[in-house]
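Let's take a walk through this model together. Have the sequence and the 3D view open while you read.

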Amino acid sequence: MIDVEPLIQDRLDRRVPRVDPAGADWNDVRRRAGADPSSRRRSLLALTAAVGAGAAIVATPLGGAIARGVGDFSAWLSGVPGKPADRAEQEAFERANSRSWSAFPDGPKLRTLIETELAGRRYELFGFRSGGSFCLRLVARGLNGSPVVSCAPSAELRGAAAPALVVLADHPFGLSHVIPVGRDYVAPASSATFGVVADGVDAVELVTDHGKRRAIVRSNAFVSISARPEVGERVRKVFSLTAGRRVAVPFVSAPFGTWDTAARPAAKPTGPSQVERTIRGGRIGWLDRRELRGEAVPDNAPYAGSPMVKGFEFARLLTPDPESHMRVLVGIGTLGRYGVKAGQSAVCSWLISGGGGGGGCQSLAELFPRGPFSWSQALIGGGHQFETISGLASDDVARMEIFFATGERRPVPLRDNAFLVEAARAKYPLRLVAYDVDGRIVAVETFLGDAATGAGPRPVGRWQTILTARDEQGNEARLRIAPSSAGGICHEFRLPGGAGGGGCVSKDPRRPKLAVGFSPGWLTGTVAPAVAAVELRFADGARRRVTPTRGFVLVPLPSALSLVVGFDARGRTVAQRSFRRR
Amino acid sequence: VATGITGDPELARDAVQEGFASLWRNRRSYRGDGPLEAWVWRVVVNAARMQVRAVVPEPVATIDHTDSNGALDNDLVVDAWLAALPDRQRTAVFLRYYADLDYRRIAEILGVEVGTVSATLSTAHAALRRSLAKERR
């Protein structure tokens with residue numbers, strides 16, 4: 001039987017936008033009610049307050065939850081949720097932490113939150129606090145990809161809009177070591193979504209591509225394991241349930257494949273948008289003077305041999321936020337890579353986090369070409385709900401602030417000219433604002449989406465299958481199209497066996513006339529309007545001519561292809577592409 | 001919810017404004033024998049229904065049977081199903097799945113028994129299942 005409830009909820013949520021109760025026109029209500037505005041204003045406000053309680057519950061879910069007797073996240077902010085982890089687990093965690101280049105400071109103590117078994121596997125969720133963050137660690141016994149650790153700033157809990165917070169979604173365990181054929185995908189053995197809840201939350205409900213499921217809620221945490229999920233199955237929505245009331249939990253789905261990436265959020269950025277003092281150039285004095293700020297880079301650090309960071313003549317490991325386990329490595333060298341010419345001195349900055357590192361380089365002569373700070377966005381994996389923005393700021397910057405789409409603002413830790421801040425992906429777009437020593441705004445950078453947001457053209461509207469074809473064995477392939485967000489057309493093809501691909505083409509008349517390629521046994525692609533026919537020439541001398549359908553071709557290849565030729569309406573050759581083996 | 005009943009955001013806004021004006025005018029008629037929230041809902045839902053009676057309803061969507069596949073088709077089916085639902089069923093659907101109200105509260109708002117709400121939604125679900133199954137064949 002089809003479970004229609006998630007379909008209905010999802011459709012209504014997307015079709016009917018939620019109305020902001022703050023936009024209510026109470027003067028209009030008064031006029032319609034025939035009330036005397038001056039004499040009855042206080043009474044009306046009293047009614048507004050009374051009936052507004054319902055609206056307030058919708059607008060500020062956690063506020064409503066608290067009003068109904070639900071507690072807050074104090075278990076995570078100041079308490080000790082769960083029970084102490086057993087000694088073996090604590091020691092294993094400490095060993096791993098001591099080996100990490102970005103170790104959690106102060107020896108965090110693991111707490112066991114949830115233990116469960118599913119499909120013969122044992123899963124254990126642990127939690128700990130570290131500095132200004134709280135972290136969850138999920139162990140899947142006997143599966144690779146385990147354990148996984150994901151953290152969130154504790155500040156997120158103080159201003160939470162919902163009584164639950166997702167930390168990581170759809171993390172795969174038990175990944176296959178077998179390389180799939182073509183571009184097909186292999187499902188993991190299991191996937192997990194977990195997070196924390198406030199006191200009093202009864203249940204956490206996850207709406208996935210294949211229906212609804214309830215997470216296990218215990219010890220102010222939740223975890224939901226999906227054994228043998230479908231390829232590409234994702235959690236799309238999360239709700240907390242408290243005393244029968246469902247509250248949507250802000251959340252960003254993990255991306256999958258070609259198109260399944262989050263669109264840029266529709267919300268508007270908040271905070272200042274204009275600089276008050278323009279700065280060009282900019283230096284970092286201590287770096288020019290080679291002062292020994294921060295720490296030396298340990299020779300035995302896991303990243304020390306990485307091509308990212310080796311070869312520096314001067315390098316330091318900085319801790320912009322003493323409450324964070326993450327570091328920023330700053331190095332100077334003549335690397336001849338990462339966009340800096342050979343022989344030219346470059347300054348590189350790399351974020352070092354528990355899950356990896358990343359960053360970039362800039363010419364030492366022109367360290368801040370775009371403004372007084374440089375930045376990079378780092379996301380360990382698509383399911384992590386928080387990404388890190390880090391970088392370097394010039395000596396002109398005295399402090400920095402981050403502004404979220406929710407209207408929240410927080411100071412950005414800045415030390416030794418390095419900064420880093422963790423941002424909730426559900427709160428984009430955001431702004432980073434830099435101030436000088438006099439409090440004037442010297443730089444504003446707006447981030448419309450996180451690192452996993454689909455920035456390029458994407459299909460919008462309805463897919464329409466325009467081509468189907470069968471190979472000699474009778475296996476069917478399909479090609480479908482949809483309007484592109486950039487004004488052209490997106491296409492997607494699926495070949496027998498599950499392989500597939502696609503892309504978007506623009507309306508630009510200068511685009512390639514013959515953008516075709518071959519996947520095993522098939523020719524697929526798009527041609528420009530000038531191409532009226534396409535001829536396939538095979539290595540054995542055979543030829544086949546096909547007429548593109550709305551500019552697309554999908555042709556089975558019975559033998560090796562050597563050349564594809566495009567003809568215009570008059571039969572003249574306008575393009576060709578060779579597939580001869582060199 | 002008002003948008004769901006009227007099918008038009010502007011009419012819905014008008015209905016909500018009118019509903020709250022009606023609440024103010026009739027505030028003394030609230031006897032306190034039921035939840036205030038249910039009374040507010042009932043008045044606003046009735047105001048939205050009054051708006052609908054003043055206009056000729058239009059289908060929200062129809063299903064285009066051209067060759068297509070993909071998840072977006074479900075949206076069209078659900079839209080067409082919503083458009084075809086009788087007034088009371090559509091109101092119950094919006095109260096349940098958009099306003100997240102439980103059956104008891106919906107019954108108070110619509111002035112019916114809880115069992116009637118359950119049967120109404122069950123009938124609506126069955127209609128949607130039939131539409132989806134037909135579309136997937």
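## A bridge with one end showing

Start with C504(A), which is partly exposed at a relative accessible area of 27%. Here, buried means under 20% relative accessible area, exposed means over 50%, and partly exposed is in between, using a 1.4 Å probe and protein chains only. By that scale C490(A) counts as buried, at 0% relative accessibility. These two cysteines form a disulfide with their sulfur atoms 2.0 Å apart; the label applies to cysteine sulfur atoms within 2.5 Å. The torsion about their S-S bond is about 95°, so this disulfide is right-handed. C490(A) sits in strand β28 (residues 489-494) and C504(A) in strand β29 (residues 500-505), so parts 14 residues apart in sequence get tied together. Strands (E, at least two residues) and helices (H or I, at least four) are DSSP runs, numbered from the N terminus.

A quick word on where this comes from: it's a predicted model, where local features need pLDDT of at least 70, side-chain atom pairs count only at pLDDT 80 or more, and totals for chains, interfaces and linings use all residues. Residues are numbered from 1 along each chain as its sequence is written, chains are lettered from A and ligands numbered from 1 in the order in which they are written, and side-chain values use heavy atoms, leaving out hydrogens and water.

## The other disulfides

How many disulfides does the structure hold over all chains? There are three. One joins C135(A) to C151(A), S to S 2.1 Å, and its torsion of about 105° makes it right-handed. It ties strand β4 (residues 133-140) to strand β5 (residues 148-153), with the two cysteines 16 residues apart in sequence. C135(A) is buried at 0% relative accessible area, and C151(A) counts as buried too, at 11%.

Another joins C348(A) to C361(A), with an S to S distance of 2.0 Å. The torsion here is about 100°, so this one is right-handed. Both cysteines, C348(A) and C361(A), are buried. If you number the bonded cysteines of chain A in sequence order, the pairing reads 1-2, 3-4, 5-6.

## Rings meeting rings

Now for the aromatics: a search of the whole structure turns up seven aromatic pairs over all chains. Rings of Phe, Tyr and Trp (its six-membered ring) pair if their centres lie within 6.5 Å; planes under 30 degrees apart are stacked, over 60 edge-to-face, and the rest tilted. F104(A) and F128(A) are an edge-to-face pair, 5.0 Å centre to centre with 80° between the planes. F104(A) lies in the loop between α6 (87-99) and β2 (111-118), while F128(A) is in strand β3 (residues 121-130), so the pair ties together parts 24 residues apart in sequence. F104(A) and F128(A) are both buried, and together with F93(A) they form one aromatic cluster.

Y123(A) and F173(A) are a tilted pair, with centres 6.3 Å apart and planes at 55°. Y123(A) is buried at 2% relative accessible area, and F173(A) is buried at 0%.

## Zooming out

Chain A has eight helices and 36 strands, and buried residues make up 49% of its 582 residues. In chain B, helix α5 (residues 87-97) has eight of its 11 residues buried, so it is largely enclosed by the rest of the structure.
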